Amino acid sequence: MTTQQPTASFEGARSARIRTYLIYIVLDTSESMRTPARGAAPQDAPLQHFVNLIPRMLRDLADSPVINSIASVGVLAFNDRPEVLRPMTSLVQAVAIGKPRLGYGTDYASVLKFMVEQHPKDVRAVNLGRAREGLTVDVARPWVFFITDGRPYARSANQETAEWMVHRDRLVNLPIGARIAAIGLPGADRDTLWELATGDDNGSRNAFISDRRTTPRELSGSVVDAIQQSIGMSTSAGMLTIESPVGMRRIDRPRRAQG
Amino acid sequence: MRRAEVLTEPARAGYDLGPLVGALLFLIAVFALVLWLRRRRDRVVTRSVQTGAGVMLREGGTSRPPKQAGAGSRSAPSQQRFRLPSARLGKFARLGKPVRGLAFGPSRRRPTEPVLTSAVLIHGPWFHTVYHGCGGSGGARVVIRAATVRGVAHAFDGTPAQDACGITWNQERQSLIAAVADGLGSKPDSGDVAHHAVAGVLREGQRLATGKDFAAILEPAAGHVRRFVEKNQFSGATTLVLSEIRPTPDGAEVTVSAVGDSEAWFLHDGTWTVLHHERRSDGENVTRHLPSQARGRARRVRVPHGSVVVLASDGFASALGMDGSPLGRELAARWRQPPPPVEFLAQVGFEDEYFTDDRTAVAVWIR
């Protein structure tokens with residue numbers, strides 16, 4: 001047996017591998033999300049839309065054989081503090097989705113910190129749940145779909161960027177290496193969404209804002225499309241940015257970040 | 001004397017039940033035969049439904065291989081049937097519906113292996129495809145199976161499969177050349193690029209002269225891909241694994257060269273050995289690819305008679321492992337002899353919810 005050129009180590013081929021993905025849907029349930037736009041009916045408040053949409057989104061995700069079989073989805077909500085609406089589980093498992101607790105703040109720092117602490121537990125649980133004889137389970141870097149109006153506020157004051165950015169950085173840097181797609185509704189703070197999102201080296205980030213004409217159903221479909229895009233496909237350099245979902249526009253780099 | 005004759009007359013004149021009983025017995029026999037034939041037919045139909053033994057991977061282990069699927073066993077094909085999902089199976093069994101399409105009868109003959117005389121390129125964007133044939137002659141002979149299966153993910157999205165494979169015989173070098181390409185799902189034109197990459201390998205492989213290094217054909221093949229992408233302004237990329245299998249009196253000399261996560265393996269004596277892989281441990285679906293990376297990783301080995309050399313896209317190959325994966329164990333039992341082509345197609349399309357990508361495999365038995 002001769003080798004013409006040095007080859008990669010064959011250690012990786014010792015066992016068959018299955019790849020699984022963790023997807024976090026994070027929903028801002030602060031008071032501002034409960035306030036409808038001027039002139040709109042109370043039931044048109046963004047939060048109510050999303051609370052109604054999450055079961056639909058999960059059903060749409062479960063329709064896809066890829067996401068249904070290889071991905072696990074967790075739903076978190078946050079206002080003054082974070083809470084788990086649906087624990088990180090495979091979509092084939094029937095799990096009740098909790099109703100978000102009422103709260104007033106938009107504490108980015110607490111939810112990001114919570115996710116940093118929660119991720120290793122979720123990885124362990126998914127590994128255990130999917131373990132099969134003769135197969136190694138690889139858990140890919142998680143995707144976070146963060147739906148917010150982009151106005152961090154905690155303890156009766158606006159939350160400074162530096163206060164939550166430290167937790168965001170821990171979440172997106174290795175070993176977790178999360179990729180964040182920030183999705184805002186019309187009127188959301190674009191700069192905050194851009195800073196929260198991750199992206200590629202060219203300055204393009206997964207920060208999106210939905211059009212005013214987009215219906216809730218379209219918005220749900222767009223998020224599902226974005227999740228489907230984000231997993232499963234072979235790529236050349238890692239899926240760092242997703243295409244702009246239908247009914248949403250990608251947010252440009254803010255002026256203060258360009259300097 | 002006369003009296004005696006008179007006394008015997010009434011007995012002869014009575015009813016003769018012999019013919020009647022005979023006719024009755026004949027009718028009963030015919031009825032029993034018809035009943036037996038009908039029951040036999042029903043049993044064959046039911047058995048063809050119930051005894052599916054296709055490769056089906058489920059949590060907790062593998063499906064059991066057929067008991068008599070030993071090497072060279074003529075009875076093996078009759079037992080190598082597709083497994084249907086159990087719910088449907090029960091329904092069909094109860095209703096006695098014939099599911100004959102993919103069930104082989106016990107008298108089924110082994111397929112004739114057509115000699116590979118010209119290049120064969122398989123790219124099934126919308127359907128499953130299988131090829132079978134042979135190359136070489138006498139004691140230095142190879143039997144080929146090649147199949148491509150559109151993955152569940154693409155089928156669900158209504159998008160084309162992006163794998164391709166090809167084989168050709170180089171008469172001058174007396175060797176088989178095979179290639180498998182897996183287009184990158186993140187780029188829409190990757191299927192066309194994979195198809196073109198395999199075509200380039202076959203073209204270069206067919207005209208490769210004796211004494212030339214086989215691994216060197218990767219570079220011109222990659223050049224074809226690069227020019228094809230640039231000319232058509234395609235958004236596409238592909239992995240590529242290619243191999244030359246030259247039968248020898250001892251077995252075969254196998255050269256493999258590759259870019260990306262398509263893999264090459266060989267199976268001998270129930271053990272899988274990897275020839276090329278670029279697996280990542282971080283769970284990322286990132287791979288080297290053409291046309292950006294044209295530097296291949298090459299390897300040459302000698303394999304003995306009875307080996308099976310396999311090139312495959314990661315949709316199939318990632319289910320193989322050197323430590324004994326469920327698929328690896330199953331195929332090690334079933335690939336002692338080349339399976340019937342349709343059986344091979346079913347094996348490439350094994351059932352497992354975790355493996356949703358397109359699958360392509362070229363398997364070459366060294367005889």
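Visitor: Of the contacts in chain B with a separation of 6 or more, what percentage comes from residues 24 or more positions apart?

Guide: In this predicted model, such pairs make up 70% of those contacts in chain B. The secondary structure behind them comes to 10 helices and 14 strands, and 47% of the 367 residues of chain B count as buried.

Visitor: How many residues of chain B reach a pLDDT of 70 or more?

Guide: The share is 76%, and the mean pLDDT of chain B is 79. Two stretches fall below 50: residues 1–11 of chain B and residues 44–105 of chain B. Beyond near neighbours in sequence, residues 1–11 have 0 contacts in the model, whereas residues 44–105 have 91. For the model as a whole, the scores are ipTM 0.77 and pTM 0.75.

Visitor: Which strands of chain B form the open sheet of 6 strands, and in what order?

Guide: Reading across the sheet, the order is β3-β6-β7-β8-β9-β12 of chain B, with antiparallel pairing. The edges are β3 (120–122) and β12 of chain B, each of which pairs on one side only. From one strand to the next, the twist averages 15°.

Visitor: How many bridges join β7(B) and β8(B)?

Guide: There are 8 bridges, and the two strands run antiparallel. One bridge to look up is that of B:Val180, whose partner in β8(B) is B:Val241.

Visitor: Which residues does B:Ala179 touch, leaving aside those up to four places away in sequence?

Guide: B:Ala179 touches B:Cys165, B:Gly166, B:Val198, B:Val201, B:Leu202, B:Leu240, B:Val241 and B:Leu242. B:Ala179 is also one of the residues that touch the most other members of the largest nonpolar core, which has 150 residues.

Visitor: Why is helix α10 of chain B described as largely enclosed?

Guide: The reason is a count: 6 of the 8 residues of α10 (residues 341–348) of chain B are buried, so the rest of the structure largely encloses the helix. The buried ones are B:Glu343, B:Phe344, B:Leu345, B:Ala346, B:Gln347 and B:Val348.

Visitor: Why does B:Gln174 count as partly exposed?

Guide: B:Gln174 has 15 C-beta neighbours inside 10 Å, and so it counts as partly exposed. B:Gln233 has 7 other C-beta atoms within 10 Å and is therefore exposed.

Visitor: Where is the cis peptide bond that involves B:Pro291?

Guide: That bond joins B:Leu290 and B:Pro291, with omega about 5°. B:Pro291 is in the loop between β11 (271–276) and β12 (297–304) of chain B. In chain A, the peptide bond from A:Leu174 to A:Pro175 is cis, with omega near 15°. A:Pro175 lies in the loop between α4 (161–172) and β8 (179–184) of chain A.

Note on methods:
Residues numbered from 1 in each chain as written. Chains lettered and ligands numbered in written order. Predicted model: local features only at pLDDT ≥ 70, side-chain atom pairs only at ≥ 80, totals over all residues. Buried ≥ 20, exposed ≤ 12 C-beta atoms within 10 Å, placed from the backbone. Helix = DSSP H or I, 4+ residues; strand = E, 2+ residues; numbered from the N terminus. Core = buried A, V, L, I, M, F, W, Y, C linked by C-beta atoms within 7 Å. Contact = placed C-beta atoms within 7 Å. pLDDT = per-residue confidence, 0-100. Pairing = 2+ DSSP bridges. Axes fitted to C-alpha atoms, helices over the stretch in contact; angles between N-to-C directions.
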